[in-house]
Amino acid sequence: MDPVRTTCAYCGVGCGIRAEVTGPRSVAIAGDDDHPANGGRLCSKGTHLGETVGLEGRLLHPMIGDARVSWNEALDRVAAHMRDCIERHGPDSVAFYVSGQLLTEDYYVANKLMKGFVGSANIDTNSRLCMASAVAAHNRAWGEDVVPCSYDDIAEADLILLVGSNTAWCHPVVWQRMEAARERRGTKLVVIDPRRTETAEQADLHVPLAPDGDTALFTALLAEMRRRGALDEAFLRSRCSVPSGFWDDLNRDPGIDRTLFMQLADLFAASPRAITMFSQGANQSVGGTDKGNAIINLHLATGRINRPGAGPFSITGQPNAMGGREVGGLASTLACHLGFSAAERASVARFWGTDRLCREPGLKAVDLFRAVHSGEVRFLWIMATNPAVSMPDAGFVREALARCPHVVVSDVIAQTDTARLAHVRLPALAWGEKDGTVTNSERRVSRQRRLFPPPGEARADWRIVADVAARMGWRDAFAWASPAEVFREYAAMTRLARQHGKRLDLADWAGCSDRRYNEMQPFQWGGRHPLAHRFPTADGKARIVAVSPPAARAPDPGFPLRLNTGRYRDQWHTMTRTGLSPRLSHHRREPILEMHPVDARRYGLVEGGLGRIETPFGAELFRIATSESQRPGEIFVPMHWTDMLAGGGRTGKLVQPATDPLSGQPGFKNTPARVAPVVPDWRAFLASREPVTPQAPYWVRSRVAHGWLTELAGFGAVDCDALLPPGPRIEAADRERGMRRIAVPDDAGALAAALFVTRRGTLPSRDWIADRLGTPGTGAEWLAGRPAVPAPDNGPLVCLCHDVGERQIAAAIAAGARDTGAVGAATRAGTNCGSCRPVIARMLESRPTMEPAI
Ligand SMILES: Nc1nc2c(c(=O)[nH]1)N[C@H]1C(S)=C(S)[C@@H](COP(=O)(O)OP(=O)(O)OC[C@H]3O[C@@H](n4cnc5c(=O)[nH]c(N)nc54)[C@H](O)[C@@H]3O)O[C@H]1N2
Ligand SMILES: Nc1nc2c(c(=O)[nH]1)N[C@H]1C(S)=C(S)[C@@H](COP(=O)(O)OP(=O)(O)OC[C@H]3O[C@@H](n4cnc5c(=O)[nH]c(N)nc54)[C@H](O)[C@@H]3O)O[C@H]1N2
Ligand code: SF4
Ligand SMILES: [Mo]
């Protein structure tokens, strides 16, 4: 069969994929050479998408509580409860909380139902946690949420500034473009991030600024450019409006080391072709909108915008965060980049043929869950997001969900932390089953296409919403038969945007045939530099905006540290899909609390031990790793782990719910915290064919090729029986050292489970024993945790695509490989997705230099 051309399920880079269906639920994945977003490249997550398309854990039937029901019953119930709430408590008593992982068609239908027919704007999305500050900054700067540059600008830039972006991990194919530009053109790379990430390690200059120091830094940079006469006065005069007095009180203190600042200023002044890519270190802040505008101000005032290789470039997180912004899925937009003015409302009401259109912006995510908690919102429908994990102050959010009389969850997975709190669960189509469009960071619209038939009774998200709308009496307005019909209506609606002076314009697709829709090639609205001729403001000028850093918080001796949170290279958010992949689970098997060795000493924490983080909002246990990459006084943990996979490490519960006053985006990256050591009586790991959920103070479960690997720690006795499957056991114990090892073979003599416990000693390497699951072997080697005849040990896996271990790479370096290319040529490591190249680069750097003897 010919490969199907589709788009990756994960990040906002929006890579094109050629997917060859190789079986009922299996697919071979390759990068699409013809897709302009990636030109054939993929990262580890895209490459291993095939490992996540099985039906394990899927929600396949509508459920009310724990009972399977028919679609009719489920939809009738959802419609009845929604109608009842609207009648008794008004339209604002219902709300949708949706996601940048919906397709544009899904998003359009949900937005139309809520804003157009329920008559409330209480539809917000996880993009509030992600892109809202960038949206607000764009709106302030040029009156519309438009990204002014394109990926091609990366190749033509002489300088790239990365602000709060761990690009090598989170937007790896954009990162590969940067690597190419550096190689080809000598592009300089500056990373502005309090942490020395793998991205920062690779930079020409790393600026380890204090948390939330960005606004001061960019404002000082602007002042410095002015001092040097490096502003573009002509552009400022003709294309920008500057608030009076703006230049008089510009902050000049960059908040970083002066020499470092001058290096940065020299680079910027010398590079008319400069782009600044910003992501969550900028957006997820109580001053996120000002950070965005501080960046944009600098680009406007120096004319570094609307030209090849230049511009402020917000990179989107989710595959369709941008599409959601376009249809208007945020509570603060009406539809299609339009706001709530009388004229815009009139246009939208006419287009949708409704007299029920909402009047004003709705509740933004954090406020929305507060309103659920207080009982103002009584009906909440959550689609394609897991707020019990991903919202700040997630403990409060869970409480809000538990109190809410009507919680509906549309998801692809049966059990998530959020779905557990739902009254009704609706099975949605997943990636590879759903069909529609997404828009990436550079405004490029691509198709996601179906590879497999719908499993069980799962349905497309847009259809589920339309079915409910029909039951509520609005059948005619929701009568589409296909995603193509929804897309045509949405495309036609973007005409309104143009009528109101906006750049968003997909009107060319308004009359597209089903065939044209099905054959859609990726296309970019607005072109490469959509703001080149005119800014979409009334006077056509962009606005320089007065900004200020968030007010410094009074230090709280009770919480002396700052908690920063973010992502791992190979996991996606709450791990509902990437957590299924053995290969993607390999990179990091546990949520790690990273801290500077000085802090570890000060608070009595040890490398590899456990530590409890406490904030005013909650407390959670993590594994400790000390690292000079952290600034003293700051700690970092990943956002990914959930109740489904761990009894600790649930970061959302720790994060403050404070938000940016303009965008409503929470400050996920800067919560006051403290840490304390936790010293368990015993530590253990369990390799098992079946997943086990232990009753232990600390446990984390991850996928291995033939089962699961669970790390555990606890106090008192170890309840081995609760952890192991029934059956004969092979055991070894050493009371002296508090060691106990138990292997359980299955009927065929293959390893079903192995438990290794220690109170004082060490535990063997997990990889070998985990690999034995499902394979016959001898009790002696199982209990030893290593083979009787030692096999060549390649060391920890570095390259997931070609199975290359650390020792093999070290050998290649010892044999003379001097760069990542040479290591790749010798071992194949890093030659496919490239995600491991920063690790290889680090190994190359730390290689002891051995000058040949003369
Ligand atoms: N592997 C992987 N990739 C992903 C995702 C994923 O879950 N996993 N999710 C996708 C999504 S939705 C998103 S939004 C993106 C996010 O992509 P990124 O924004 O790159 O990822 P994060 O790790 O959240 O945060 C980036 C960096 O911001 C830094 N930071 C913290 N505070 C500050 C500050 O005050 N100033 C500055 N300058 N930096 C600061 C953090 O130290 C961190 O290294 O990734 C997308 N891609
Ligand atoms: N501490 C901390 N928290 C954060 C962040 C942070 O940096 N730090 N980042 C924030 C950001 S930027 C983001 S974007 C959010 C992400 O947070 P979430 O959106 O909560 O995370 P996901 O795990 O992507 O959740 C998606 C859910 O949708 C389901 N799903 C997948 N595909 C479909 C589909 O087609 N239809 C339906 N109906 N369901 C589907 C998945 O199974 C999963 O349950 O997290 C935010 N939370
Ligand atoms: S960079 Fe990776 S995760 Fe993002 S779209 Fe491309 S392949 Fe998918
Ligand atoms: Mo995001």
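Mentor: In this predicted model, the rule finds one salt bridge across the interface of domain 2 and domain 4. That salt bridge joins D643 to R398, and the closest N and O atoms of the pair lie 2.7 Å apart.

The side of domain 2 that touches domain 4 may be considered next. Three helices, α16 (365–374), α17 (387–390) and α18 (394–403), each contribute at least two residues to that side. The largest share belongs to α18, which supplies three residues. By residue class, the side of domain 2 that touches domain 4 consists of eight nonpolar, six polar and seven charged residues.

The setting of this interface within the chain is as follows. The protein chain is divided into six parts, among them domain 2, which covers 63–130 + 326–524, and domain 4, which covers 561–678. Domain 2 gives 21 residues to the contact and domain 4 gives 23 residues. The centres of domain 2 and domain 4, taken over C-alpha atoms, are separated by 31 Å. About 1900 Å² of area is buried between the two domains, and carbon and sulfur atoms give 57% of that area.

Terms used:
Residues numbered from 1 in each chain as written. Chains lettered and ligands numbered in written order. Predicted model: local features only at pLDDT ≥ 70, side-chain atom pairs only at ≥ 80, totals over all residues. Heavy atoms only, no water. Domains from an automatic or database assignment. Contact = heavy atoms within 4.5 Å. Buried area = accessible area lost by both parts, 1.4 Å probe. Salt bridge = Lys/Arg side-chain N within 4 Å of Asp/Glu carboxyl O. Helix = DSSP H or I, 4+ residues; strand = E, 2+ residues; numbered from the N terminus. Nonpolar A, V, L, I, M, F, W, Y, C, P; charged D, E, K, R; others polar.
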